[in-house]
Amino acid sequence: MSKLPERPLNGDVEDDDEDEANDGLEAWERTYAEDRSWEDLQEDESGLLRPIDDTAIYHAQYRRRLRALASTAATARIQKGLIRYLYVVVDLSKAASERDFRPSRMAVIGRQVETFIREFFDQNPLSHVGLVTIKDGIAHCLTELGGSPESHIKALMGKLECSGDASLQNALELVLGYLNQIPSYGHREVLILYSALSTCDPGDLMETIQKCKKSKIRCSVIGLAAEMFICKHLCQETGGTYYVALDETHFKELILEHAPPPPAISEYATANLIKMGFPQRAAEGSVAICTCHEEAKTGGGYTCPRCKVRVCELPTECRICGLTLISSPHLARSYHHLFPIVPFDEVSPSSQNDPRNSLSDTCFGCQQSLLTQGSKPGLSVTCPKCKQQFCLDCDIYIHESLHNCPGCESFQHSKSVIAAQ
């Protein structure tokens, strides 16, 4: 006789059955099964269910952050560090394999570090990034300081393996040795993505923290577990920031806050004249040895104006003569950090109904209507200089990507045309 399958005693439910059931679902089905999608609905005035509009919530959070940055810049005497040397320390200990972040902390870190590196070089074209990993109590230098985002991302994706314990002191000592060689005009920073709840150190970590403080290295930590005193103490001593991510969305917001150049305290920042070269594009048919890859290449690349060697991409530092090589667009893209656009003023729907206000019903940027479905005025903002009105999406796009007000630019263009006539 065939035996019947044994039932769990005392009403216990096996977790394996639930895991097998979830594994049989498609990806889009797992999204709805795990994320409690019914919480994304709200009841409107007529009693019908509709999705929650996250645009206004996101815009409110963005404007609070923008006002906080503007108030900090107004009250403190600060300057921006445009040439940054940043090491990203990734904790790949066994704690990174935890699954409280879906599908795991390691996978989430890999995705967000890739996004961060691309955004970092987009906003800091004159800066350099290096990657350091922590596993088995040892810190490994994955990539040296460089300006190529693709090389950093490729190196990180090939080393996403978790094992052993984390050592915060070994990571700081390794980074300290590299950043001490940076010239005085460069701003030294460390961003640590820490998953563990402990650190296995060979010596006194407090002495290492004082070394970082003496070397003027700003250390910031983003935790993926719980708050740790030693991480908080490290950030307080070196002038960095310390936050603990609640979920993947919060983790993405925290890591992207380190993409713009942070305020540099004037007594720590040294103003120096920097020699830079603007190389010309090499001829397509020319053959030369590339100093980046140490091999002969045909066409493309750039020629150093001082020693005439070939490099593949910009910005970089010539390995022969040490001259910093950039292009004029890179220099121009760093200019907006020195003179940022002022925050726009919010326009309430009640002020739009006032007949004394001559406000438009369309956005000056995208020319879309600012009215809601019931022909009621929606939320909008106006530039305090040109008084043009913009929607919420254009407000974020102007401050985060464009860095120029279309209304002010069109007004200046019209003035120049009239003066020429």
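Between which two strands does the loop that holds Pro315 lie? Pro315 lies in the loop between strand S16 (310–311) and strand S17. This is a predicted model, in which local features need pLDDT of at least 70, side-chain atom pairs count only at pLDDT 80 or more, and totals for chains, interfaces and linings use all residues. Residues are numbered from 1 along each chain as its sequence is written, and side-chain values use heavy atoms, with hydrogens and water left out. Helices (H or I, at least four residues) and strands (E, at least two) are DSSP runs, numbered from the N terminus.

**Confidence**

- The chain has an average pLDDT (the predictor's confidence in each residue, from 0 to 100) of 80, and 75% of the residues score at least 70.
- Confidence in the chain is highest in helix H6 (residues 168–179), with a mean of 96, and lowest in helix H1 (residues 15–23), with a mean of 46.
- Over residues 1–22 pLDDT stays under 50, and the model has two contacts (heavy atoms within 4.5 Å) beyond four places in sequence for this stretch.
- Residues 73–77 also stay under 50 in pLDDT.
- Where pLDDT is low, the predicted coordinates should not be read in detail.

**Two packed helices**

- Helix H4 (residues 105–123) packs with helix H5 (residues 149–157) at an angle of about 170 degrees, and their axes are 10 Å apart.
- Axes here are lines fitted to C-alpha atoms, for helices over the stretch in contact, and angles run from 0 to 180 degrees between N-to-C directions.
- H4 contributes Gly110, Val113, Glu114, Ile117, Arg118 and Phe121 to the contact, and H5 contributes Pro149, Glu150, His152, Ile153, Leu156 and Met157.
- By class, this contact of H4 with H5 has seven nonpolar, two polar and three charged residues (Ala, Val, Leu, Ile, Met, Phe, Trp, Tyr, Cys and Pro count as nonpolar, Asp, Glu, Lys and Arg as charged, and the others, Gly among them, as polar).

- Strand S5 (residues 128–135) and strand S6 (residues 138–146) pair (at least two DSSP bridges between two strands) in the antiparallel sense over six bridges.
- Thr133 stands opposite His140 in S6.
- The hairpin has two residues between its strands, and Asp136 lies in this loop.
- Phi of Asp136 is near 55 degrees, a positive value in a residue other than glycine.
- Most residues other than glycine have a negative phi, and most peptide bonds are trans.

**Cis peptide bonds**

- Arg102 and Pro103 are joined by a cis peptide bond with omega about -5 degrees, and Pro103 is found in the loop between strand S4 (84–91) and H4.
- The peptide bond from Leu314 to Pro315 is cis, with omega near -5 degrees.

**Annotated region and a sheet**

- The UniProt annotation "zinc finger region: C4-type", from an unreviewed entry, covers residues 304–321.
- Over residues 304–321 the chain is 0% helix and 22% strand, with the end C-alpha atoms 9 Å apart.
- Strands S11, S18 and S17 form an open sheet in the order S11-S18-S17, with mixed pairing.
- Strand S11 (276–277) and strand S17 (316–317) stand at the edges with a single partner strand each, so one side of each is left without a neighbour in the sheet.
- S17 and strand S18 (residues 324–325) run antiparallel and are joined by two bridges, and the bridge partner of Thr316 in S18 is Leu325.

How values were computed. UniProt positions are given in the numbering used here, feature names are shortened, and annotations may be inferred rather than shown by experiment.
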